[in-house]
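I opened this notebook to keep track of what I looked up, one entry at a time. The entries follow the order in which I checked things.

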Amino acid sequence: MIRDSKATQETGMLLSFLPTGEYYFTKGLKAFGRRDFIRAKKYLQRAMQLEPGEPMIVCQFAIVLTEMGEFEQSNHLLHQILEELDEEMVECHYFLANNYAHLGLFKDAYHHANLYKHLEPDGEFNSDTDELIELLTFEADLLDEDLYEQDDLMVKQEHARELLESGYFPKAIKVLEEVVDDYPEYWSAYNNLALANFYLGEADKAYSILNDVLSKNPGNLHAICNQAVFAYYQNNEQELQSLISILAKINPMIDEHQYKLGATFALIGEFELGHLWLRKLYKRGFDGEGAFYYWLSYTAFHSGHPAFAKSIWKIVLELSPDKDGHEPWNDEPPVLGGYEDHTASIFQKLDSDYIEERLFAIFLIEVSSTKEQLLASLQSKPAMKLTQLELDYLSFVKKARPIHQRILDAHQIGLQLYEYHRPIGALKAGIYLLWFSIFQESMAMNPSFQNHQAWAAAIEYTWFKLRGEKVSQTDMAKKYQLSVSTVKKYVKIVNNCLQ
């Protein structure tokens with residue numbers, strides 16, 4: 001021991017050790033070198049949490065997922081690197097080619113293999129790529145065009161699913177509309193298209209899509225489940241009970257359908273029915289993702305199996321550490337994680353073609369528990385195409401300079417909504433997109449934004465009305481402690497902005 005240590009003499013305290021992202025990245029590499037992929041995955045997940053948006057960490061994590069056979073999740077991360085973090089990491093194309101080959105998507109594998117050869121003619125993986133291309137060429141001789149078309153369908157559907165889960169609804173709708181045009185009997189795309197429209201507040205359009213599916217494909221389980229979810233969110237108790245009675249009689253044979261049924265029951269509060277199907281899948285060794293174990297734990301706890309719920313929750317935290325604090329026994333409503341703590345979703349929204357999504361992303365940064373890490377990650381991102389309004393808002397979040405009063409008001413109105421609508425999942429994102437759309441559209445009209453509660457009440461009322469839900473201006477007045485006449489006045493202003 002060093003007797004003259006200033007650290008102990010001057011503070012009288014032990015110096016704490018705070019591991020960094022680099023620390024966990026190094027431990028992850030060592031575990032990977034030992035082929036201990038479970039530990040490597042754990043360490044690299046922690047490194048990504050500490051340094052979100054660092055492409056080297058994300059890439060290594062993707063490689064570990066490949067080794068564990070999680071090819072789709074690996075592809076998601078590799079595409080994220082190329083599209084959001086560092087487009088010059090061309091080796092990602094080689095890793096994508098391998099993953100697509102393992103998935104049997106040979107056309108996409110061939111595309112990325114050739115792209116790697118073109119971008120990196122003297123690259124580290126050149127000889128391996130040549131072997132892969134030779135193998136893919138041989139496979140191509142055995143395939144017909146129909147299978148290639150199936151490849152395109154699967155890739156588009158997966159891309160749309162990722163956009164949907166990340167809250168990128170307008171682009172998800174665009175991709176899904178292309179799919180249903182090209183494949184008019186691919187019902188899964190219709191169901192996802194209905195979800196995307198519902199999340200954007202287009203309830204009538206969403207119901208119309210589901211009704212169209214059920215008229216052409218009677219008994220489509222996903223469509224009926226989605227109808228039940230819509231009825232639940234719209235507080236339509238009569239329709240919900242009718243749909244529950246239908247779903248309770250269904251006995252699907254396919255694992256995917258059993259999971260859809262179990263997760264739907266869990267989401268709408270029918271925990272015992274949900275646990276029945278999810279526990280059955282678990283006993284058969286169903287290899288679900290994080291959401292499966294989340295709902296399994298949640299339904300177990302709320303149907304009288306607390307010990308089993310806690311054992312499953314350990315798996316949830318291994319797969320999704322961000323769920324820590326959302327245990328089913330802490331009396332919080334079930335969540336699948338808010339966008340405010342989902343780095344990929346925030347960065348994706350910052351790159352959106354729509355200004356309201358970019359403004360929403362900046363709001364998410366401000367309310368995120370990882371705000372400082374997100375701001376640090378922005379420093380290494382390529383220059384974003386932001387308007388002056390967005391740059392001013394981002395400066396406010398960074399506390400870089402005095403803020404314009406209108407931006408401060410806009411943010412305060414967002415915070416008023418955040419009091420009642422958080423964490424911000426796919427459904428609740430719609431109310432914020434509505435607000436930021438109205439904010440930027442109304443700037444030329446120069447309205448006053450100083451009455452934060454009134455604007456929030458009017459936005460929430462309009463959002464519910466657009467979704468076809470029953471709500472009164474009196475309800476909003478009580479909720480936000482306003483007079484009914486004030487709510488009426490601001491609802492009129494919001495309606496004018498929407499015209």
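I began with Tyr480, which I found in the loop between α26 (473-479) and α27; helices here are DSSP runs of H or I with at least four residues, numbered from the N terminus. The model is a predicted one, in which local features need pLDDT of at least 70 and side-chain atom pairs count only at pLDDT 80 or more, while totals for chains, interfaces and linings use all residues. Residues are numbered from 1 along each chain as its sequence is written, and side-chain values use heavy atoms, with hydrogens and water left out.

I noted that Tyr480 is buried, with a relative accessible area of 4% (buried means under 20%, exposed over 50%, partly exposed in between, with a 1.4 Å probe and protein chains only). Leaving aside neighbours within four places in sequence, I listed its contacts (heavy atoms within 4.5 Å), among them Gln416, Tyr420, Gln453 and Glu460. Tyr480 also lies 10.0 Å from Ala458, C-alpha to C-alpha, although the two are 22 residues apart in sequence.

Next I turned to the nonpolar cores, each a set of buried Ala, Val, Leu, Ile, Met, Phe, Trp, Tyr and Cys residues joined through side-chain atoms within 4.5 Å. The largest has 134 residues, and Tyr393, Ile424 and Trp435 have the most contacts inside it. For Trp435, not counting residues up to four places away in sequence, I recorded touches with residues including Ile413, Leu417, Phe449 and Trp455. A second, separate core of 16 residues includes Ala266, Phe292, Tyr294 and Tyr298.

I then looked at the second largest pocket, which holds about 480 Å³ of space. On a 1 Å grid over the protein atoms alone, a pocket is an open set of points where a 1.4 Å probe fits, with protein on both sides within 12 Å along at least five of seven lines, and lining residues have an atom within 4 Å of a point; the volume is the space filled by probe spheres set on the points. Its lining has 18 residues, with Leu200, Glu356, Leu433, Leu434 and Ser437 nearest the centre. The helix α24 gives the most to this lining, with six residues.

For Cys59, the nearest cysteine sulfur, that of Cys92, is 4.2 Å away. I noted too that Cys59 counts as buried at 5% relative accessibility, and that Cys497 is buried at 11%.

Conventions
Helices (H or I, at least four residues) and strands (E, at least two) are DSSP runs, numbered from the N terminus. A disulfide is a pair of cysteine sulfur atoms within 2.5 Å.
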